[in-house]
Amino acid sequence: MNGQRPEDAAAARRLGEALRALQRNSGRTLRALETQVRISDSSLSRYFRGETVPPWPVVRDLCRALGADTSVYWALWETADRGRLEEPASAALLPKPSLTWRRRLCKRLSRPWGFVAAGAAIGLAAGLALFALQYSPAAPPARDGTEATSAWSGYGYAGVLVNNVEEKCQKPHTHECALHLAWDPYRPYTTANSADRVWHRDLLQARCRIADGVTVTDEEGRHSSIWIQVARKGQHLWLPGVRVDPDTLVQLSVVLPRCPA
């Protein structure tokens, strides 16, 4: 992963940490997983350290072996894999157009209508691509990682890691270090509105978001009125935006649709 952009390396590390936490919580050893998913323990170690982005079938098989919902890990893998695929290709590996092809192209563009046609084609392609990005939400994968074929409800579909800004609480899963999900994003974020407890790096399934909830301030003074609706133990609960890494929150604000009123 040499030469990788920092944000791409971070995405690979987030995926690796989530998979490693899944393995540790299951109590399974790397050697036991190696037998079941048919991946060497050395490869699994590289995946868990975020040094290499595993193919999706490997992530899917790990989730199955460890009893986890593959849909929750799809977004993390997709983000990490996108960064890997966007690594610049070596110029030496790029095919060079033949001299005949270049001559034909130059000859056509030299005609009065050549530049107009080329510009129109490029503009049309760019317009279609922009339309596809804005208005074609990808349906979430099925539990086995394939594309869902049933009608999609229109909700978002993304994994989100809980973020605790207090360094002393980023490892212990104690009562004092617990963060709270809420029943209602429009009520004060207090114990009376607490629905469930989560901890730093817990992976949740996000569905949609709002931007006009109660403003919450974290321990470092960061404010946000954004709330993320998450699926948790069969219920739809709410995670304050300040409990999400700021860069991830920006991405979720783009990826997730607004929750219905």
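## A buried pair of tryptophans

Tryptophan 74 and tryptophan 77 are both buried (buried means under 20% relative accessible area, exposed is over 50%, and partly exposed is in between, using a 1.4 Å probe and protein chains only). For tryptophan 77, the relative accessibility is 11%. This is a predicted model, where local features need pLDDT of at least 70, side-chain atom pairs count only at pLDDT 80 or more, and totals for chains, interfaces and linings use all residues. Residues are numbered from 1 along each chain as its sequence is written, and side-chain values use heavy atoms, leaving out hydrogens and water.

Both residues sit in helix H5, 3 residues apart, or about one turn of the helix. Helices (H or I, at least four residues) and strands (E, at least two) are DSSP runs, numbered from the N terminus.

## Rings that meet

How do you describe two rings? You use the distance of their centres and the angle of their planes. Here, rings of Phe, Tyr and Trp (its six-membered ring) pair if their centres lie within 6.5 Å; planes under 30 degrees apart count as stacked, over 60 as edge-to-face, and the rest as tilted.

The structure has 4 aromatic pairs. One of them joins tryptophan 56 and tryptophan 77, a tilted pair with 5.6 Å from centre to centre and 55° between the planes. Tryptophan 56 belongs to helix H4 (residues 56-65) and tryptophan 77 to helix H5 (residues 70-85), so this pair ties together parts 21 residues apart in sequence. The rings of tryptophan 74 and tryptophan 77 are tilted as well, with centres 5.4 Å apart and planes at 40°. Put together, ring pairs link Trp56, Trp74 and Trp77 into a cluster. Tryptophan 56 is buried too, at 9% relative accessible area.

## Charged partners

Now for salt bridges (a side-chain nitrogen of Lys or Arg within 4 Å of a carboxyl oxygen of Asp or Glu): the count is 8. In one of these, the closest N and O atoms of glutamate 17 and arginine 201 are 2.3 Å apart. Glutamate 17 is in helix H1 (residues 6-26), while arginine 201 is in the loop between strand S3 (194-198) and strand S4 (203-210), so the bridge ties together parts 184 residues apart in sequence. Glutamate 17 is partly exposed at 30%, and arginine 201 is partly exposed at 31%.

Arginine 31 is exposed at 54%, whereas glutamate 34 is partly exposed at 25%.
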